2 protein chains.
Amino acid sequence: MEAVGLVTEYNPFHNGHAYHVTQAKAVTGADTVVAVMSGNYVQRGVPAVFDKWRRTELALAGGVDIVFELPFAFAVQPAHIFARGAVQLLADAGVSSIVFGAEHAELDFLALAQQARERLAADDHFSADYSQTYATAFNDVLAEVVGFRLTNPNDMLGFAYATAVIELGLADQIRLQPIQRIKAGYHDTTLSDDHIASATALRELINQEAPAAEFADYVSQPAAELLAQGTQTADWSETWYDALRYKVLTTPIDELETIYQLTDGLAYRLKETIERDITADYETFMTTFKSKRYTQARLQRTLLYTVLNITDAEMQTAMQQPYLRMLGATPVGRRYLKQQRESFTLPLIHKVEKDDLTGILMLDYRAGRLYQQFSRTRQDKASPLDTGRIPVFIERG
Amino acid sequence: MEAVGLVTEYNPFHNGHAYHVTQAKAVTGADTVVAVMSGNYVQRGVPAVFDKWRRTELALAGGVDIVFELPFAFAVQPAHIFARGAVQLLADAGVSSIVFGAEHAELDFLALAQQARERLAADDHFSADYSQTYATAFNDVLAEVVGFRLTNPNDMLGFAYATAVIELGLADQIRLQPIQRIKAGYHDTTLSDDHIASATALRELINQEAPAAEFADYVSQPAAELLAQGTQTADWSETWYDALRYKVLTTPIDELETIYQLTDGLAYRLKETIERDITADYETFMTTFKSKRYTQARLQRTLLYTVLNITDAEMQTAMQQPYLRMLGATPVGRRYLKQQRESFTLPLIHKVEKDDLTGILMLDYRAGRLYQQFSRTRQDKASPLDTGRIPVFIERG
């Protein structure tokens, strides 16, 4: 069997993703589609609109054969760490290619990444460690070497995949295959008329609690019914921000400074901003807190680390312990796993053991507990996201 | 001038307290009444029904001349630490006597405490450090020496004052004067018919949001109007418990174990109880969490330390740094301060400086921020309880 890998968030899964799945098989000839998917939180540092189980169900119904969870330690990170984690998991799962959408599919991402790396290695100005500015530095170099910058989000991710493939020594093992993205860009908030909508536009509809019929053109029927239920967790401006404020008010500055990425004065800035007016709402807070030095996503991720009380030490440990958490599979996916699992080097997790909760799964477990706690319905509050769960197995014709 | 000291919570101030003030002056002949009062939280580990400023106003209107805040590190503690902190502050403030209500005012508390101490010192079984069981050990010894136990709460507090007086070497400086408590016991929930109600009964009325007229028989007119506004902060079963749950879900067990008094497996028990059912309400949680080993007050205090993220190290430091925080004074009180303040050895705080917030006042500041944050009205949420405040000065005829 031959597998093609996809790096996904599916927040939520829509027709554009279904097209991606179909194309991935078409361009590679693979018989199995393996997706690495962000868990309960997405890369820009907010809870996903639905938990990882519901998003897995839709992905399997939409054509994916196996869904592995991208652990929190990689999923909620800047692009280079996100990409490296995802590529490492897909490689270990034995995929022979990774297919990704790009705004400029004609680019040779591997060659670009290779050129940028060589230029970087020759230049003392650029640090090759995993600092926050790594991706930016790469892009600066790229501009210098090939004369242009990547400005579109999917092109930039493609570049990050290519860099990860090179750094992990996978260039001979995994083929990177960009495909042209069709229609709706990531940030589009309008719905198009040819059955492809951006996830952003769909999330707006979900937040408006639109009826299922309004989703029907852009997602599958089961997805439309789920989406019509509204988002699963409270909005950041409500419960999550309350928790952040409580956390900051009760935590001394030197303890706040142990939080991952709450560095370079950010802990102090956060505490000062919150303390200045504890009646301020989230938007007012953000207006004061944001700065030109950091992107909105970087700040939002940092706030999420703070709410989840993730220290630098915890994150460093978690980043050293990737694993393959299987969230679901089709019959084809199960056959693939049966054939391939012997060759996996990372731990394969079907069912969570008690020791995992304080060990390898600690961050994901904690993040899942908060997702659950801040869910909007009593039923979702009562449903643990890690313990007592088995993968989603669907039968598909 | 001569001062008499009172150890108080005034939660809230009522006619029984006014009687206590009058009697204190009558039996001692003192011209100035100095009260040490718990701040925003009371001894059994819950927020006071009104913040320390409002309670100070009522105390001054009710006959007290100076109110000093009993710092959190002493106020929210078992009786022996509570008593020791209060006696130390009153002694430093120069009072020559302490008058307290007791169920058995005929007892010679100093003599009882002295006998118990001597017996304790001679016995290896009893540890004389400040462990949780100190008060119990004293009472056990008392039973052995004098043939009876103190079972009434105010008798027990009196015994704790006497022990503190002896331990602090104040027996020659401060006279302990018990007075017979009249009517309503601490735990009475019924209102009596002679203008004395227990604070417990009044709090029930406050929670029911009774009109001012219903309070008028038991408190002063300004107090009745305040009490009719309802409690100032959210009930524990609401916001406070939400914060506790959030804190426990996001804190690893080894970090929880650094919280003051969350020892001997209590951290584990707390985490397990919360995690077992995160939809449980506060009462359901408490039913599972409570045990015969600990009193309800001890557990409630421990939950409060957890919500406030007070580590053992922070508490030990704070207990070594008592101070005289002046919350308010009458003209008589101000005259007394002018005469006596030169002899105070503890820091006298009128107005909080920025450095105090991360230093000597750290715990009280943090506790005040949470009290404010969990206040019920927007106005109270917006009013800092430590910064930008000056003592309450009232003119009294």
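I begin with the ground rules and then take the interface.

This is a predicted model, in which local features need pLDDT of at least 70 and side-chain atom pairs count only at pLDDT 80 or more, while totals for chains, interfaces and linings use all residues. Residues are numbered from 1 along each chain as its sequence is written, chains are lettered from A and ligands numbered from 1 in the order in which they are written, and side-chain values use heavy atoms, with hydrogens and water left out.

The contact, meaning heavy atoms within 4.5 Å, takes 30 residues from chain A and 30 residues from chain B. Two salt bridges cross the interface of chain A and chain B; the term means a side-chain nitrogen of Lys or Arg within 4 Å of a carboxyl oxygen of Asp or Glu. One salt bridge joins R369(B) and E275(A), at 3.8 Å, N to O.

Now the rings. Rings of Phe, Tyr and Trp (its six-membered ring) pair if their centres lie within 6.5 Å; planes under 30 degrees apart are stacked, over 60 edge-to-face, and the rest tilted. The count is 35 aromatic pairs over all chains. Among them, Y41(B) and F72(B) are edge-to-face, 5.6 Å centre to centre with 85° between the planes. Buried means under 20% relative accessible area, exposed over 50%, and partly exposed in between (1.4 Å probe, protein chains only). Y41(B) is buried at 2%, and F72(B) is buried at 3%.

The rings of W236(B) and Y282(B) are 5.6 Å apart at their centres with planes at 35°, so this pair is tilted. W236(B) and Y282(B) are both buried.
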